[in-house]
Amino acid sequence: MSAPGLPFDDRDGFIWYDGRLVPWRDAKLHVLTHGLHYASCVFEGERVYSGTVFRLEDHNQRLINSAKILGFEIPASMDDLQKATEQLIAANKIVEGYVRPIAWRGAEQMGVSAQDSKIHLALAAWDWPAYFSPEARAKGIRMLWSRWARPAPHTAPVHAKASGLYMICTMAKHEAEAQGCDDALMLDWRGQLAEGTGANIFLVINGELHTPTPDCFLNGLTRQTVIALARQRGIKVIERAIMPNELGEADEVFLTGSAAEVTPVGEIIGTGGHYRFTPGTICRLMWEDYDRLVGKKVAATAA
Ligand code: PMP
């Protein structure tokens, strides 16, 4: 969990806002913004390593697709998005950090319908070394079973990285933190294992990787990267429906996400049953392979 630090609306630096860099504190919007009231808003979460975003093109493509799913068009091309990102990283002198592009419907119309609203686009970037604390990451994070389930594909735009989908993630994560946990673990609407509040999940069973089929949640870019890395090592990866009690057969469990990177899970508590895991060989391999690929120094001590 990132501790409260400087508020995000009161910092030095620049934000790219509707086509130009503006001083950080001036990147404002009106309270009658459709995106705020009705969650007509999509975003991305990108990691910067040595001044460059890892898989930038894929993040930008997902942003464009997310908007398309919600019925609007990002007012920038792939090329514009890339240039804006580079300009922003340079202006804020980000070396190891995070980029948050966001697009939303503006304030031209107030009501559920917003056919003629202007689409706004902003990008912010900040230094952000780790999502989970190094201690939590080393021994494995603690997760709480969430009472919130990932919605069915016909009840929400589950393949968009859309703000509205995070309402239950924040509620789940707050409940987890109130019980001394780092994150919440969510099932899907069928009762199958789904994901964390901002990361996908993998189980190591008999030396193979098992991960839920992403049919009602994001098929994360980090998830896809880790699957490719595992296969390169000859580790079998199986995407399938996984029931929560199968955690009892897992030797290791870890999460993947642009922010979370590869993060071992040490314990799961709550109504779905109590499980403990010791981060071991495969967690460490995946963590190190991922760090190597993104250009970080490999100094993992997961076990
Ligand atoms: N699931 C959710 C709910 C997320 O917010 C994220 C982070 N974007 C992921 C999974 C992992 O996606 P990625 O690896 O592309 O960051």
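The following legends describe close-up views of a predicted model. In this predicted model, local features need pLDDT of at least 70 and side-chain atom pairs count only at pLDDT 80 or more, whereas totals for chains, interfaces and linings use all residues. Residues are numbered from 1 along each chain as its sequence is written, and side-chain values use heavy atoms, with hydrogens and water left out.

**View 1. Domain 1 and domain 2 of the protein chain.** The domain assignment gives domain 1 (14-127) and domain 2 (134-294), with bounds from an automatic or database assignment. The centres of the two domains, taken over C-alpha atoms, are separated by 26 Å. Their contact (heavy atoms within 4.5 Å) takes 17 residues from domain 1 and 20 residues from domain 2.

**View 2. The area buried between the domains.** Domain 1 and domain 2 bury about 1600 Å² between them, 62% of it on carbon and sulfur atoms; buried area is the accessible area (1.4 Å probe) that two parts lose on being put together, summed over both. F43, Y49 and R62 supply 34% of the area that domain 1 buries against domain 2, more than any other three residues.

**View 3. Packing of helix 2 against helix 3.** Helix 2 (residues 56-70) and helix 3 (residues 78-91) pack at an angle of about 125°, with their axes 10 Å apart. Helices are DSSP runs (H or I, at least four residues) numbered from the N terminus; axes are lines fitted to C-alpha atoms over the stretch in contact, and angles run from 0 to 180 degrees between N-to-C directions. The two helices are therefore oblique to each other (angles under 35 degrees count as roughly parallel, over 145 as roughly antiparallel, 65 to 115 as roughly perpendicular and the rest as oblique). Helix 2 contributes L56, E57, N60, Q61, L63 and I64, and helix 3 contributes M78, L81, Q82 and T85.

**View 4. Packing of helix 6 against helix 7.** An angle of about 110° relates helix 6 (residues 221-232) to helix 7 (residues 281-294), and their axes lie 10 Å apart. Helix 6 is therefore roughly perpendicular to helix 7. T222, T225, V226, L229 and A230 of helix 6 meet M286, D289, Y290 and L293 of helix 7.
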